[in-house]
Structure formats: structure tokens, C-alpha cells
Amino acid sequence: MEPAANKPRAQFDLAISDGGMRLKLAEARLTLTDEGIDYTLDGRTGLRAFSNLRSVRLQAVHGGKNSPWEAMAELSFGSGKPLFVHSSSPWGGDDPARDPVFIAFVEELHRRIPAADAARIRFLRGVSEGRHKVMEAVWIVFLAVFGGAGALILYKTLDGTIPVLQMLFPVAGLVGFGFWIHQSIEKAKPGVYRPDALPRDLFP
């Protein structure tokens, strides 16, 4: 990581939230300084200092089975609410113009964090262990329920009850949906990373 001293302020326009329930994300200008990150959310303005930063979590967020992968950075502090920075539009949809801005923000954030703070901050990738176990449980249920349904369709096809052409669409749908769930679980797998080796497989 590069020394943060005497660097000019860097600004990024992205969608953010504090983790609360909201229909639409807030639009904000994030300003990175030598001391921390400055932004305004719900009328509250202030600098969140790197000295108060406890963890940075990078996640791949999937908007839907046929939608591009989005990304999110969760910054947790010793006091106050966390900051969630999104690569998506405020409505959570794909916005290709924001992808390079989000990536530049994440890169500059890690460059700005002083080495002394980086030594104690936790740099995490994926979701929490508990949430990942829930996703794995959903995967098992999918395999049991839809795998059984797929096997029944194949059996009915082999004994001539269902024509082959009518079987292809539902089976292909089940396989595609199952692949999407499996891919989501793999991308969400909990782990850690080094601030000088960003997990670019999670970027949009």
C-alpha cells in the first residue's frame, strides 16, 4: 500500500446506504482524504476516520438469474452505522457506467488506509459464515426438491409419457437455475484478502 500523506482529495459518485431498509439507495459523493471518507447520507454529513474503521467487506451481489453481477463494499466502524457502497444504480439495477467508478473507489480506498490502520482492520470477502450456511442449506433443499422433480420428468420421458421436446425446456430451466444458485454460493463464500491483493473476482 502506498503512503497516504499529501494525496489530493479523491471524489466518487456512487449509490450508498447504511444497511437500513429502503426502497431506493441514496446518491452520494464520496470524498477520500488522508484522514478518512467524507459523505452525506439522510442529511448527516461527516468524516468517517480510517482510525475508526474496523472492517472492509467486499461482496458480489447478484441482481437476478439473467442480470450482470453487481458488487458492494461494506465498511464497518467502531461507532456509528456501517457504510454500504454499491456498484449498482440506486434502484439496485445494472449501471455499467458506475462499474469503473466503483472499482476506482475500492482501489483508492485501500491505497489511502494508513499502514498502521491496515494492520488491525479486517479485510473480508463474501458474506458472513452464518449467512453462507443458510445459502448452503437452500442449495441442499433445491437439490432434494428440484433434483427429484427433474428425475421424475426424465423417468416419464423414458417411459414415453412425456415427449422429449416437452421435457427439454423444464429440465434446462432446472439446470440453469441450479447453476445460478451454485455460482452465487461460490462467489459468496466467506474469506479474507490482503489490502494489496484485492479480490477482483468479486468486482462488477
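User: Which residues are buried in α3?
Analyst: His132, Met135, Phe142, Gly150, Ile153 and Thr157 are the buried ones in α3. Buried means under 20% relative accessible area with a 1.4 Å probe, protein chains only. Keep in mind that this is a predicted model, where local features need pLDDT of at least 70, side-chain atom pairs count only at pLDDT 80 or more, and totals for chains, interfaces and linings use all residues. Residues are numbered from 1 along each chain as its sequence is written, and side-chain values use heavy atoms, with hydrogens and water left out.

User: How far apart are the ends of α3?
Analyst: The end C-alpha atoms are 42 Å apart, which agrees with the 44 Å that 30 residues should span at 1.5 Å a residue. That expected span is 1.5 Å times one less than the number of residues. Helices here are DSSP runs (H or I, at least four residues), and strands are E runs of at least two, numbered from the N terminus.

User: And what comes just after α3?
Analyst: Glycine 160, with a positive phi of about 85 degrees.

User: New topic: how many residues are in the largest nonpolar core?
Analyst: It has 35, and Val85 and Phe105 are among those with the most contacts inside it. Such a core is a set of buried Ala, Val, Leu, Ile, Met, Phe, Trp, Tyr and Cys residues joined through side-chain atoms within 4.5 Å.

User: Which element gives the largest share?
Analyst: β6, with 5 residues.

Notes: Buried < 20%, exposed > 50% of the residue type's maximum accessible area, 1.4 Å probe, protein only.
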